[in-house]
Amino acid sequence: MSQSDFKLKIENLKTFFFLDEGILKAVNNVDIILYPGESIGIIGESGCGKTITVQSILNLIQDPGMIVEGKIIYNQSNNNQIDLAGIDKNSLEMRKIRGNEISFIFQEPMTSLSPVHTIGSQILEKIKLHQEKNKKLAKQKALEKLELVGFSNPQQIFESYAFNLSGGMRQRAMIAMALSCDPSILIADEPTTALDVTIQAQILDLIENIKKEFNTSIIYITHDLGVIAETVERIYVMYMGKVVESGSVKDIFSNPLHPYTKSLLKSIPRIDLEIDKLETIEGNVPIPLNPPWHCGFYNRCPEAIGGKCDKYLPILSNIKQQQVRCFLYSENKEEKDEWEQFIE
């Protein structure tokens, strides 16, 4: 597929939080591309920058955070390209896109759904804001979406509150709301968190069916590699606000290159192997607050090269069909940018 056929392209995205203690580089020089009808996954441990990356797409960043650099090019259905990073987050233009053309399934539906409004009233509000002003027609569309996500009694769910529903039902209601305006891009942030495996499988099947039926492009955010293996075509592995490896699901799972990706895959239970204890990644993801100018994974890496990984920052290099940010594969170093002067 040609690079010109993209649905969304993130280029050199930097989203920083300016704190009293210094600059927290939550997303630092990230490039991601999404094609029409494609599913991609962004993976990594908690604190790697996954959620802030996708929140930046719709400029949902709260103060003191802001997008300081980069482009987020959205290719609309009429081939009109818009740089979302250049649109004010409170503008009418952004509100027309947010929730309408690009929609979000949030991580925890119980905290994302209003406890004092019915499910139906919340979906209605969104449909009437973006598409259908007629209340009767808007309600009909809301009921259709509730039925689409698997509710056999959409009218009852329409009149229910979030606390009346189970975890899986709330997640379905959240998906129905996200789909209510037929978005071209759906962002799913940990869509199966805290759900049992049966409901998890149903939710993933539901999203996959929606993708096929409406040719929706989907971005999955998750730390569950089992989910990623079943649902996406390409993977972006993030660590400390940077993409450290990307490639197809087949390439990443069969031939991981970056030591971090290798460690993640070794920590997954496998039914074809009998092992006494799963491998773990020692330590925790560092907070990217005034980060030193070297490989972020250096202190946890089993293959670190002294005098190099602890002194320089590798660039993202092309290795066959994959991209990897590691000195094991390339000697090329990243040049310091203007933001380093605020830290040094």
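Me: At its relative accessibility, does K14 count as buried or exposed?
Reply: In this predicted model, local features need pLDDT of at least 70 and side-chain atom pairs count only at pLDDT 80 or more, while totals for chains, interfaces and linings use all residues. Residues are numbered from 1 along each chain as its sequence is written, and side-chain values use heavy atoms, with hydrogens and water left out. The relative accessibility of K14 is 4%, so K14 counts as buried.

Me: In which strand does K14 lie, and what does K14 touch?
Reply: Helices (H or I, at least four residues) and strands (E, at least two) are DSSP runs, numbered from the N terminus. K14 lies in strand 1, which covers residues 8-19. Contact means heavy atoms within 4.5 Å. Not counting residues up to four places away in sequence, K14 touches V27, N28, N29, M66, I67, V68, E69, D337 and W339.

Me: How many Å apart are the end C-alpha atoms of helix 4?
Reply: Helix 4 has twelve residues, 119-130. The expected span is 1.5 Å times one less than the number of residues. Helix 4 should therefore span 16 Å, and this agrees with the distance between its end C-alpha atoms, 17 Å.

Me: Which elements do the buried residues of helix 4 pack against?
Reply: I119, G120, Q122, I123, L124, K126, I127 and H130 are the buried residues in helix 4. Their packing partners are helix 2 (92-97), strand 6 (102-105), helix 5 (135-148), helix 6 and helix 7.

Me: What is the angle between the planes of Y161 and F163?
Reply: The structure holds five aromatic pairs, where rings of Phe, Tyr and Trp (its six-membered ring) pair if their centres lie within 6.5 Å, and planes under 30 degrees apart count as stacked, over 60 as edge-to-face and the rest as tilted. One of these pairs is Y161 with F163, stacked at 5.4 Å centre to centre and with an angle between the planes of 5°.
 
Me: How many residues apart in sequence are the parts that the pair of Y239 and F297 ties together?
Reply: Y239 and F297 form an edge-to-face pair, with 5.2 Å centre to centre and 80° between the planes. Y239 lies in strand 9 (residues 234-239) and F297 in the loop between helix 11 (259-266) and strand 11 (317-319), so the pair ties together parts whose separation in sequence, in residues, is 58.

Me: Which residues do ring pairs link into a cluster?
Reply: Y239 is buried, because its relative accessible area is 4%. F297 also counts as buried, because its relative accessibility is 2%. The cluster linked by ring pairs consists of Y239, Y260 and F297.

Me: What is the relative accessible area of K320?
Reply: K320 lies in the loop between strand 11 and strand 12 (322-324). Phi of K320 is near 55°, a positive value in a residue other than glycine. K320 is exposed, because its relative accessible area is 81%.

Definitions and conventions: Buried < 20%, exposed > 50% of the residue type's maximum accessible area, 1.4 Å probe, protein only.
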